[in-house]
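Have a go at each task before reading its solution.

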Amino acid sequence: PSSPTQPLTPHSTPLSFYPHTTMTLKKVRAFLEACKREFDAPSTDLGACVLVFGNESTDLDSIVCAVLVAEALRTLHGVPAIPVLNTVRPETLRMRGEVTCCLGEDVHTALPTLADVLLRTATLSTVQAFLVDHNELSLLWPPEFARRARVVGIIDHHHDEGRFHDTCRYGRVIRECGSCTSLVVQQVFAHPATHHLQRDFFLIGLYPIIFDTKHFRFRAIDRDFHATRTLLGLIAEEDEDRVRDSTAHIWQQLCDAELDELRFPLHDLLHKDYKQYALHDLPPAVRARHHVAPGAPYILGMATIRSPFEGHLAASGLPYPALLQHTLLPFFRAQRLHGLILIFSYQDHRSRAFEQEFLLLLPNINVHHLLAYFSLAGMLFQTPRALLANLSLSAVGMDAWVDVSGGASADIDIGACAGAGPSADIGACAGACTSTDIGAGAGAGACTNANADACST
């Protein structure tokens, strides 16, 4: 009774998957198509449905989390739940080889998208939303729609923004793990009625867990191994090597499905895995520096690209300043950002090592000075809110020849300093700081060395 009532027709496109999971993928495709028909049917009361949204990057982890949660809500709670692609640019999924490999080349039409939801729910006063792989309303949602959204559940593995405690009647779970799907699997299979679930349906969860953790070699923790053992029916004592061996065929499929992103223009890839964050409670000095109106947030964009920056630079045929001027800055301005972080995360084909590069477009502070005082890689593994909190909610800057917001600073001045700050000045210092001053300056003298507490000399 909790499943879609329309007949389920398996996906007709041949699936070139390992035989063990072929039936799983056919069942998942059938479920997606049935949910789409239910969403499109004029007779469906969408106000009574729970719409399950992954985050706005619409990656494999988000999509599979939404699918599994929707199936669990239907089977375990009898709730008419529908997974949604949380994007108005579903065509970008064609640039995700891991998604099209797992869910089909036409996955962008197999599920309702954010654009569909905005159209079909325009007359509803309330929309029930279950958030997976994020715990804050997307900044890409129109404000009018965000006001009507009532969050009824959350499962996420990112920083807890502390909201929606009173409205999540289907649970609010935010815990660390490499893949959000691991957390979904853990929560679903902790339910006392899991014998009603189609366990082979949930095997689809192996794909994002393996992909996001690079086959358990990147950010994987015990929760990811536990979820994989649960899906495979392995006992808890099975060691990590056995888990890797049991999933090696899936990792190979995902590697084989990887698309050469250098085939796509960098401008298109900026939209592929993109998120925006709103940072509030800015100090007055930071607001003035970045021209942020009183009460308005600092808007930070973050895009992940799974290929090396140098490859895109070579493919464009442009020198770096021209690529910045003609590709990156138009995107920066179109999104109305105060700052943008690009993360180039990829596997080096020669060394087979996983590499990460960072390109920062965050005006008003010289990036070379920043790198001298901070461990950049360490910061970027934090959430953007925590990242900029550690920088006193200020921003990193571009080289002096780049003009984004009317000027560039030659030095770091993070926070408010009443004195002269010819070099790094982090925090508030009442005196002149000629070197790094971290903390609050209590004295009026010069700080000639790094001082992590109060500036007293």
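**Exercise 1.** Work out in which order the four strands of the open sheet lie, and which are its edge strands.

Step 1. The order is S6-S7-S8-S9, with mixed pairing; two strands pair if DSSP finds at least two bridges between them, and strands (E, at least two residues) and helices (H or I, at least four) are DSSP runs numbered from the N terminus.
Step 2. Strand S6 (274-279) and strand S9 (354-361) each pair on one side only, and are the edge strands.
Step 3. Follow S8 (residues 339-347) next: eight bridges join it to S9, and the two run antiparallel. Within this pair, Ser345 stands opposite Gln356 of S9.

A note on the source: this is a predicted model, where local features need pLDDT of at least 70, side-chain atom pairs count only at pLDDT 80 or more, and totals for chains, interfaces and linings use all residues. Residues are numbered from 1 along each chain as its sequence is written, and side-chain values use heavy atoms, with hydrogens and water left out.

**Exercise 2.** Find the buried residues of helix H11 (residues 248-257) and say what they pack against.

Step 1. Ile250, Trp251, Gln253, Leu254 and Ala257 are the buried ones, buried being under 20% relative accessible area with a 1.4 Å probe, protein chains only.
Step 2. Because they cover an arc of only 160° around the axis, they lie on the same side of H11; the arc is that of the directions from the helix axis to the C-beta atoms.
Step 3. Their packing partners are helix H3 (97-103), helix H8 (206-212) and S9, contact meaning heavy atoms within 4.5 Å.

**Exercise 3.** Which residues have the most contacts inside the largest nonpolar core?

Step 1. They are Val52, Phe53 and Phe202, in a core of 81 residues. A nonpolar core is a set of buried Ala, Val, Leu, Ile, Met, Phe, Trp, Tyr and Cys residues joined through side-chain atoms within 4.5 Å.
Step 2. Helix H2 (residues 60-77) gives the largest share of this core, twelve residues.
Step 3. Apart from this core lies another, of 24 residues, including Leu269 and Phe332.

Conventions
Buried < 20%, exposed > 50% of the residue type's maximum accessible area, 1.4 Å probe, protein only.
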